[in-house]
Amino acid sequence: MTGTVNILYFAALREQLGRESQQVILPSNTMPVATLLQELRQHDAKLDEVFAATPRIRVAINQKLGGFDTCVKPGDELAFFPPMTGG
């Protein structure tokens with residue numbers, strides 16, 4: 001069974017990509033964020049370029065900070081954003 005995942009891009013990532021979101025179909029029922037991102041980067045040169053230039057990207061899964069080893073499933077929402085600073 002496959003399904004869609006909604007991906008959101010924030011801050012500089014959104015500006016550099018020229019889009020704020022996209023929906024993708026998972027090739028399997030669950031997969032780690034890193035695997036999904038790797039597949040997306042292989043098929044989207046702009047995404048690959050932006051993520052290569054920003055090595056410390058953070059990820060949230062369903063509005064909770066997560067890791068790239070966290071598995072996503074159909075219906076999940078991913079958000080990618082650059083590191084935040086406080087002050």
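I started with strand β4 (residues 58-61), which pairs with β5 in the antiparallel sense over 3 bridges. For my own reference, two strands pair if DSSP finds at least two bridges between them. Helices (H or I, at least four residues) and strands (E, at least two) are DSSP runs, numbered from the N terminus. Inside this pairing I found V59 opposite G66 in β5.

Before going on, I noted that this is a predicted model, where local features need pLDDT of at least 70 and side-chain atom pairs count only at pLDDT 80 or more, while totals for chains, interfaces and linings use all residues. Residues are numbered from 1 along each chain as its sequence is written, and side-chain values use heavy atoms, with hydrogens and water left out.

Next, the whole sheet. I read the order as β2-β1-β7-β4-β5, an open sheet of 5 strands with mixed pairing. At the edges I have β2 (21-25) and β5 (64-66), each pairing on one side only. Neighbouring strands here are turned by 30° against each other on average, direction ignored. Axes are lines fitted to C-alpha atoms, for helices over the stretch in contact, and angles run from 0 to 180 degrees between N-to-C directions.

Then I looked at β2. It runs antiparallel to β1, and 5 bridges join the two; I25 in β2 is the bridge partner of T4. Buried means under 20% relative accessible area, exposed over 50%, and partly exposed in between (1.4 Å probe, protein chains only).

What lies across the strands? I found helix α2 (residues 33-43) across β1 (4-9), β2, β4 and β7 (77-81), running at about 70° to β7. Contact means heavy atoms within 4.5 Å.

A11, found in helix α1 (residues 11-17), has a phi near 55°, which is positive in a residue other than glycine. N62 sits in the loop between β4 and β5, and its phi is also positive, near 55°. Most residues other than glycine have a negative phi.

Last entry: D48 in helix α3 (residues 45-53). D48 has a relative accessible area of 31%, so I put it down as partly exposed. Its C-alpha atom is separated by 15 Å from that of F81, 33 residues apart along the chain.
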